[in-house]
Amino acid sequence: MLSEQRLRRWLREVRQGRRPIATVVNELKVLPYDSLGFARLDTHRRLRRGLPEVVLCEGKSPAQLVQLCRRLMRLKELALLTRLPPETAARLQRAVPAIRYDPMARLGYWMPGRRPLRLRGLVVVASGGTADLPVAEEAARTLELLGSRTVRLYDVGVAGIHRLLDAFDTLQRARAVV
């Protein structure tokens, strides 16, 4: 995956004679996507949009997910897998042990060995009731993995607005509410 920062570093290295042009050309050949046969992994998304590709697991086989994860890991890009069923996660983790799994969020992930994220902004994830927890937790964990500070307001329901109003100050400070 190619970030703007990485591209700028490569161009500086070419200018300084420390990186051959052919090496950069080979790296750029996988832009804007890397074809895996069954999927076209968007290797250009971080550069274009500021966020990496996210893999929706529904409809994908464990073998396909293994291939996607290994490719993302080889590219040193965040592997973020949404709607990942527990049994598929177990099979995936046997093949790719570095993948972490959050069963409540149904989310698999692998973070590249970079410095820890500096969380920015404030996003509130609110849910009406406890039945909404899996979807709310998926949103919260995704936001955190992508670099947002997240506050969870769960079970603030519609039956009594007082549960939501207790967090009014937090809601006022938030840049977004999900």
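Tutor: Let's start with a definition: the expected span of a helix is 1.5 Å times one less than its number of residues. Helices (H or I, at least four residues) and strands (E, at least two) are DSSP runs, numbered from the N terminus. Bear in mind that this is a predicted model: local features need pLDDT of at least 70, side-chain atom pairs count only at pLDDT 80 or more, and totals for chains, interfaces and linings use all residues. Residues are numbered from 1 along each chain as its sequence is written, and side-chain values use heavy atoms, leaving out hydrogens and water.

Student: Okay, what span should α6 have at 1.5 Å a residue?

Tutor: Its 13 residues should span 18 Å, and the end C-alpha atoms are 18 Å apart, which agrees.

Student: And is α6 enclosed or open, and how many of its residues are buried?

Tutor: Ten of the 13 residues of α6 are buried, so the helix is largely enclosed by the rest of the structure. Buried means under 20% relative accessible area, exposed means over 50%, and partly exposed is in between (1.4 Å probe, protein chains only). Among the buried ones are Leu 133, Ala 136, Glu 137 and Arg 141.

Student: What do those buried residues pack against?

Tutor: They pack against β4, β5, β6, β7 (120-126) and β8 (148-153). Contact here means heavy atoms within 4.5 Å. The helix, residues 133-145, lies across β4 (79-82), β5 and β6, at about 10° to β6. For that angle, axes are lines fitted to C-alpha atoms, for helices over the stretch in contact, and angles run from 0 to 180 degrees between N-to-C directions.

Student: What comes just after α6?

Tutor: Gly 147, which takes a positive phi of about 110°.

Student: New topic: what's the strand order in the open sheet?

Tutor: The four strands go β3-β4-β6-β5, with mixed pairing. Two strands pair if DSSP finds at least two bridges between them. At the edges sit β3 (55-56) and β5 (100-102), each pairing on one side only.

Student: How many bridges join β5 to β6?

Tutor: Three, and those two strands run antiparallel, with β6 covering residues 107-110. Tyr 101, for instance, has Gly 108 in β6 as its bridge partner.

Student: Now salt bridges. How many does the whole structure have?

Tutor: A search finds 14. A salt bridge is a side-chain nitrogen of Lys or Arg within 4 Å of a carboxyl oxygen of Asp or Glu. One of them links Glu 13 and Arg 9 (3.8 Å, N to O). Both lie in helix α1 (residues 4-15), four residues apart, about one turn.

Student: Why does about one turn matter?

Tutor: An α-helix has 3.6 residues a turn, so residues three or four places apart point the same way.

Student: Which other salt bridges can I look at?

Tutor: Arg 152 forms one with Glu 144, where the closest N and O atoms are 2.7 Å apart. Another joins Arg 163 and Asp 155 (3.6 Å, N to O). Salt bridges with shared partners also tie Asp 102, Glu 137, Arg 141, Glu 144 and Arg 152 into one network.
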